[in-house]
Structure formats: C-alpha cells, structure tokens
Amino acid sequence: MSYDPVARGPSPAGAANNEVLAPPQAPGIRDSIGTPSNVSYQSEQAINIPYRDDPQATASGLLNEKDGGAAGYPPAGSPSGEQGKKRKPLFWILVGIAILAIIVLAVILPVYFKVIKPNNASAESQSSTSGGGSNGGGSGGGNNNGGGSNGNNGNSDSVVFGSDGTTVTTEDGSTFVYKNSFGGYFAVDPNNPFYDGARAQSWSPPLNETWDYNKYTIRGVNLGGWLNTEPFISPALFQKYAQTSSPAIDEWGLSEHMAQDPEGLKQLEDHYRTFITEEDFAMIAGAGLNWIRLPIPYWCIEKFENEPFLEGVCWKYALKAFDWARKYGLRINLDLHAIPGSQNGYNHSGKKGTINFLHGVMGVANAQRALNHIRILTEFITQPEYANVIPIFGVINEARTNDIGKDQITSFYLHMHDMIRSITGYGAGKGPWIAIHDGFQNLRTWEDFLPGRDRVSMDTHTYLCFTSVDTRPLEQQLTKPCTAWAKEQNTSWTNFGVTSSGEWSLAINDCGLYLNGVGSGTRWEGTLEGYTGTTGSGGCGTWNDYESWDQSRKDGLKQFALASMDALQNWFFWTWKIGPSLESGKVEAPLWSYRLGLENGWMPTDPRQSVGVCGGANPAPPLTPAMVGEETQQFTDALRQQFPWPPLEFPASTGQQEGPSRVVSELPTYTPTGTIPILAMPTHTMANGKVFESNADGWFSEDKTPVYVPVQGCTYPNQWDALNVDVPPTCTGSGSRRVRGVKGVLLETHN
C-alpha cells in the first residue's frame with residue numbers, strides 16, 4: 001500500500017478504481033484538516049477521486065483508525081485498536097481461530113440475514129407507536145435507574161436485527177428494502193421499544209456504546225423544514241397562498257392562512273406525516289451518515305393564545321423521529337430552532353421581522369419563556385430511555401449576537417448552563433452535550449467562553465452563498481471550503497473543544513426557489529433588495545434545473561462536497577430533503593438536498609471518501625479531559641458577577657433591528673407560577689397487542705418548580721413586536737406588583 005505525498009490517502013497497488021482514504025493516524029489525533037500546505041488541485045485530479053465501497057475495511061486496511069470497526073454484523077464487537085505489538089506464537093494461533101470463525105460466519109450470516117431474518121423482520125420489525133403533545137402537567141419523579149426494567153442497554157433474546165436487503169414493514173403496512181452496504185444493521189426488540197443495540201455503520205459505534213469525540217467523526221444531515229417549516233424546503237405549502245394579498249412568508253403567516261382554509265391546520269400534520277418517513281432514516285444510515293440534526297420549534301411544547309401555530313402536534317412526530325433513529329442506530333442533535341419572540345428575525349424562527357429575544361421591551365420575558373422550553377426538553381432527553389439516542393441538545397439556533405450583544409447572550413448561557421446541569425448533573429455521561437451557535441461571529445471570539453463549562457460544543461454554520469457573489473466557474477471553486485474553513489475549524493477544536501458545522505450545503509450561489517424568502521430575489525441575479533455587489537451570469541435557471549446538469553457539473557459538485565466534508569470534519573449537511581415546487585412539480589433548490597444528490601450522482605455515496613481531500617498537514621490534538629467532561633470545574637464568583645442574570649441592560653441597536661438601549665430592571669417579566677407542560681412519552685403497542693409499560697414519564701429530575709407565565713392581570717406588549725414600544729406601566733421591574741406565589745398566595749414585590 002502506498003501513500004500519496006499530499007495526504008490524499010492510501011493508494012492500494014492495482015486498485016485504480018478503489019476509494020482513496022487517509023492513512024492511519026495515531027489514536028486520538030484528528031484527520032489532517034488544516035489549511036492546505038502547498039497543494040494545488042487540477043480539475044481532473046479533483047473530479048476523478050477513486051472510490052471503494054467496502055464495509056469490511058478496518059484500521060489496518062483502508063480506513064483511518066478512528067473509522068475502524070468490525071464488519072458490523074450484530075452483535076458486532078469493536079476492535080481493540082492495539083497495533084505494533086510483538087507477535088508471538090499464541091498470536092498466530094488466535095489469528096487462525098479468528099480466520100476459521102470468519103469463514104463460519106461468512107457461510108452462516110448470509111443465510112441468516114438474507115433468508116431467515118428478513119422474513120422475521122418484515123413481520124415484526126416495527127411495533128405500533130403513537131405520541132401526543134404535552135401532558136399538561138403530569139407528575140412523577142426522576143428516573144435515575146439507568147433504564148430500569150426497560151433494559152435499553154442490555155441484550156434480549158427477542159431482538160430482531162436486519163441488515164442489507166432486509167424487508168421492513170412500517171406502521172402503516174407499507175414496505176421497503178433496507179439498503180446498507182457499510183455493515184450497519186437495524187435492531188428492534190418487540191418486548192422493549194427502548195432497546196439501543198442498532199448500529200448505523202461498521203465504523204460508527206452502536207447506540208449503547210459511548211460516542212468518543214476523539215475517536216469518531218460526526219457525519220450527519222439535518223431534517224430541516226420538517227417539523228419547523230421553511231419556504232425553500234417545502235415551497236408547495238407556501239405557494240398555495242402566494243397569490244393572496246398577504247402571502248405567507250413564514251410559519252406564522254402560513255398558520256394564519258391555513259386557519260382560514262377549509263382544510264385547516266391539518267395540512268401541517270399532513271406535511272409532518274409525509275415529508276419525512278421511517279424509510280428516510282433507513283436511507284440516511286445507508287448513505288454512510290451516523291447523526292441527524294433535528295430542528296424543532298418551541299410550539300411543539302406550548303404556545304400563547306395570540307400565536308397562530310399548531311400547538312403540540314409536531315411533538316408526536318419528534319417522538320417518531322426518536323424511535324426511528326433508535327431503530328437504525330442514528331444519534332440525534334436536537335435543535336431548538338425557533339424561540340419565543342424570535343432570536344434572529346428570520347422566517348425559520350417562526351416569524352420574520354424583529355428580534356424580541358434578549359432584545360427590546362419583551363426581551364427578558366421571552367428569554368424566561370425560552371428557559372421553560374429548554375428546561376422541559378432537557379428533562380425529557382436526559383431520561384435513560386433517550387440519553388443514548390439524543391446526546392446533543394442545540395439550545396438556540398442562530399441567535400444574532402451582534403444585535404443581542406455578546407455579554408447579554410453570555411449571561412443567558414451561563415444561567416441556562418446552571419439550569420441544565422442542575423437537572424443532569426456534571427461530568428461525562430450525565431445528560432446531553434449543550435451545543436451553542438457561534439452567533440455569526442468568528443470562532444476565535446468564543447475560545448474563552450465560560451471557563452468551567454461542562455460539555456459545551458460549538459456549532460457554526462458554514463455557507464458561502466450569502467455574501468458577495470463568486471463569479472468563477474465551479475471547477476475553480478472546488479478547494480474553496482478547504483481554504484475558507486479548515487484552519488478555523490481546527491483551531492476551534494484545539495482551543496474551544498468539540499466544534500461542528502451544524503449546517504452547510506453545496507450552494508456556491510444563492511439560487512433556489514424561495515431560498516432568500518418568499519418574494520425575494522437573489523444576489524446572483526442582482527434582484528435581492530438591498531444587494532449592490534457583483535452578480536452572476538446566465539440567471540438561476542440552470543442552477544435550479546438539476547435535470548439539465550451534465551456529468552462535469554455533477555462531478556464538480558461531488559468534489560466540492562468532499563472538500564467541505566474534509567474541511568469541516570464533524571458536520572451536518574443542510575438538508576436531507578427539499579420538497580418539489582407546487583407549480584413545476586420538481587425540486588428547484590437542488591444544491592440543498594442530500595437525498596436528491598445521492599439519487600442523481602452529485603453527492604458522494606460514501607462520505608469517507610472525503611478524508612484527506614484538503615491535503616492539510618496540521619491535525620488538531622486530542623480533546624482535553626476537561627473538554628469532554630472527564631474533569632469537572634465550577635464557574636467562579638467573578639465570572640458570575642461579570643455575567644449576571646438577567647443582564648443589567650440591553651444595548652441600543654441599529655439597522656433593521658434599530659432600537660434604544662433598555663434598562664432591564666424596568667422591563668416586563670413573567671413569574672414562575674405556571675403548571676409544567678411535561679412532554680408526553682410515546683405509547684408503544686407490542687406484538688402481543690399489549691401496551692408497553694415504561695418507568696419513564698417525560699421528566700428526569702425531582703425538581704418541579706413551576707414555569708414562567710404572564711403575571712395575572714398584567715397587560716403585556718405583543719411579545720413578537722416590542723422593539724420600540726413604550727414600557728408598560730405595570731408588570732415592570734420598577735414600583736410594586738402583585739404576583740401569584742408558588743403556593744397560590746398573592747405576594748407584594750418591590751424592585
């Protein structure tokens with residue numbers, strides 16, 4: 001086996017058509033992703049990357065050591081990873097026994113999985129599952145028994161496994177064939193719906209093994225636009241109302257239109273039910289991906305009366321997502337995508353317009369309500385039944401830190417961190433990682449963020465299409481991800497800790513139906529309001545019509561994808577699926593659909609092909625014990641004094657979010673006297689027709705402190721449009737107010 005001097009990976013002799021993958025690294029060292037060192041790429045070199053689809057490859061063969069694994073057939077064990085030891089006679093005896101065992105397995109397993117198990121799996125692989133919104137204030141203490149009688153980490157004789165070629169019968173009676181050539185397998189226990197033994201691929205650990213960030217690579221995809229709708233992802237929903245006097249431009253407007261439609265808000269549940277299904281989860285594992293980022297809005301939990309959203313229904317489908325991810329060995333980064341009042345003013349925050357989270361007159365009240373939602377979700381996913389499936393919680397998506405203020409959002413994060421860790425406990429294995437977004441700031445500005453934090457990861461969204469237009473041909477932009485992102489990602493991994501790209505795409509321009517919003521133009525065509533930079537040529541037609549693309553463009557996009565994957569290392573593509581236009585019946589934002597790219601040849605069928613594409617020579621060192629929760633620390637008193645909760649003031653802002661500075665103590669607040677809307681657990685009906693009885697009730701800890709709700713009798717400004725309104729005379733931090741205490745006693749408070 002020979003190795004290319006520019007670190008593109010090993011080139012097995014006589015394997016011209018095999019995949020090029022990087023050579024093994026020392027344990028705990030990330031793949032080389034630094035800025036390319038004197039590496040130049042010719043277009044033909046960049047396009048014609050050899051390919052090998054071999055799920056049997058291990059650390060001693062083609063795969064990098066961190067990707068090494070057993071063949072993956074259940075119940076697969078992981079290799080020890082020990083190399084370079086002196087070989088002794090006993091070693092050769094063991095090797096002989098192992099070879100004999102492999103030969104036996106090679107004969108037995110194909111028969112078992114191709115003949116016996118598929119028939120069993122087809123009939124029994126899916127138990128009936130249902131779920132609802134919130135329980136409206138259920139009771140019950142925390143479940144700290146590591147699974148208890150549920151046994152989600154144990155073994156069971158009743159577990160049904162399925163591998164490549166197995167026929168799966170879904171809960172609605174439809175069938176599909178599970179395709180996974182990477183040694184992955186699904187697993188279902190008809191007697192225990194919380195069994196966590198599935199494995200997405202041979203190189204990804206099964207769910208009941210700990211994810212080691214020093215060893216494994218996150219290769220994930222978003223399920224954007226499913227439970228938190230966006231116009232460019234599901235354009236047909238919005239096109240239905242495009243010709244009205246007030247077109248729907250966000251889910252707020254969409255919900256208002258649907259409420260007046262004879263079909264009603266049921267259209268949203270129809271979308272939830274059909275846009276993403278169990279087969280998508282199976283396909284994601286079969287595509288070599290091992291994580292899902294699942295965006296959800298806060299109205300999965302609750303909404304206020306003046307908010308038009310469909311309350312609670314998306315939680316039913318979030319529960320299905322958790323079940324399907326568990327079945328196919330996929331881990332979930334649960335992303336709270338929409339915050340009360342909007343954290344960014346973008347359409348995907350629920351309502352396009354102004355920021356009212358930590359900003360404006362209702363900034364504190366909306367933040368208190370967001371703390372409710374973060375707390376409720378944390379309590380649910382920290383339960384042992386979900387801890388293996390949802391190891392990361394993205395608490396707020398894309399908060400615009402420049403408008404909110406770095407100190408202000410840091411104060412919120414410190415208080416939120418205290419709240420979350422008071423539920424989960426401190427240290428590795430206790431509750432999910434907390435993912436925070438970079439707030440559209442350079443990653444270096446976060447390196448000293450909250451010293452003493454416990455398992456906090458950095459989420460950055462790496463796009464190239466929302467700034468000035470690059471008019472160069474695609475073939476001249478193939479290494480742009482390497483030069484744009486690799487060094488910064490590596491530096492953040494070294495100095496901050498776990499860093500991943502929560503969103504990226506193939507978009508080298510901003511073409512795509514509704515990409516910039518309903519009724520908005522594009523930078524590429526020079527039709528986007530306020531854009532005065534350079535423009536492209538030829539319009540967006542050719543970029544939106546993927547059926548017209550020739551092989552050269554597809555190959556170029558595939559190489560761009562590989563460069564992005566290598567530069568980012570740990571990533572979630574945005575997004576898995578784009579829905580068709582209501583008018584053309586075709587996808588008109590193809591650069592954003594991983595699934596469409598797989599089906600049409602411009603996305604790599606094995607993401608491991610990306611290893612070494614950037615040719616970097618500066619791998620990051622291993623994460624320190626403190627970075628991964630193996631050493632716990634505490635926040636200092638000085639840090640808490642520097643970032644008090646709530647913050648003392650909101651700064652003045654300019655531009656679209658223009659507003660005066662605010663003294664926080666004078667602003668309206670809510671009071672912690674409300675009933676907790678505990679999230680519902682799913683109902684699993686087993687093969688024998690009985691309902692599975694679980695110890696879990698949706699709440700992990702013993703803390704049942706009431707949630708923040710409006711003060712009774714107070715009149716608040718519109719929580720979504722309070723940037724420049726007058727501070728109301730009541731319910732403010734100045735003077736006195738009457739609030740209802742925890743036990744229902746009326747209290748007089750003074751500030």
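**View 1. Arg326 over the ring of Tyr386 in the predicted model.** Arg326 lies over the face of Tyr386, at 5.3 Å from the ring centre; a charge sits over a ring if NZ of Lys or CZ of Arg is within 6 Å of the ring centre and within 35 degrees of the ring normal. Tyr386 also belongs to one aromatic cluster, together with Phe194, Trp315, Phe322, Phe380 and Phe692. This is a predicted model, in which local features need pLDDT of at least 70 and side-chain atom pairs count only at pLDDT 80 or more, while totals for chains, interfaces and linings use all residues. Residues are numbered from 1 along each chain as its sequence is written, and side-chain values use heavy atoms, with hydrogens and water left out.

**View 2. Lys406 over the ring of Trp446.** Lys406 lies over the face of Trp446, at 4.3 Å from the ring centre.

**View 3. The aromatic pair of Tyr413 and Phe449.** The structure holds 44 aromatic pairs, where rings of Phe, Tyr and Trp (its six-membered ring) pair if their centres lie within 6.5 Å, and planes under 30 degrees apart count as stacked, over 60 as edge-to-face and the rest as tilted. For Tyr413 and Phe449 the ring centres are 6.0 Å apart and the planes stand at 85°, so the pair is edge-to-face. The pair links distant parts of the chain, 36 residues apart, with Tyr413 in helix α11 (residues 406–424) and Phe449 in the loop between β12 (433–437) and β13 (456–461); helices (H or I, at least four residues) and strands (E, at least two) are DSSP runs, numbered from the N terminus. Tyr413 is buried, at a relative accessible area of 2%, and Phe449 is buried at 5%, where buried means under 20% relative accessible area, exposed over 50%, and partly exposed in between (1.4 Å probe, protein chains only).

**View 4. The aromatic pair of Phe466 and Trp592.** The ring centres of Phe466 and Trp592 are 6.1 Å apart and their planes lie at 35°, so this pair is tilted. It links distant parts of the chain, 126 residues apart, with Phe466 in the loop between β13 and α12 (480–495) and Trp592 in the loop between β15 (571–573) and α15 (594–600). Phe466 is partly exposed, with a relative accessible area of 33%, whereas Trp592 is buried, with 2%.

**View 5. Contact of helix α5 with helix α7.** In α5 (residues 266–275), Glu269, Tyr272 and Arg273 meet Val313, Cys314, Lys316 and Tyr317 in α7, contact meaning heavy atoms within 4.5 Å.

Methods:
Axes fitted to C-alpha atoms, helices over the stretch in contact; angles between N-to-C directions.
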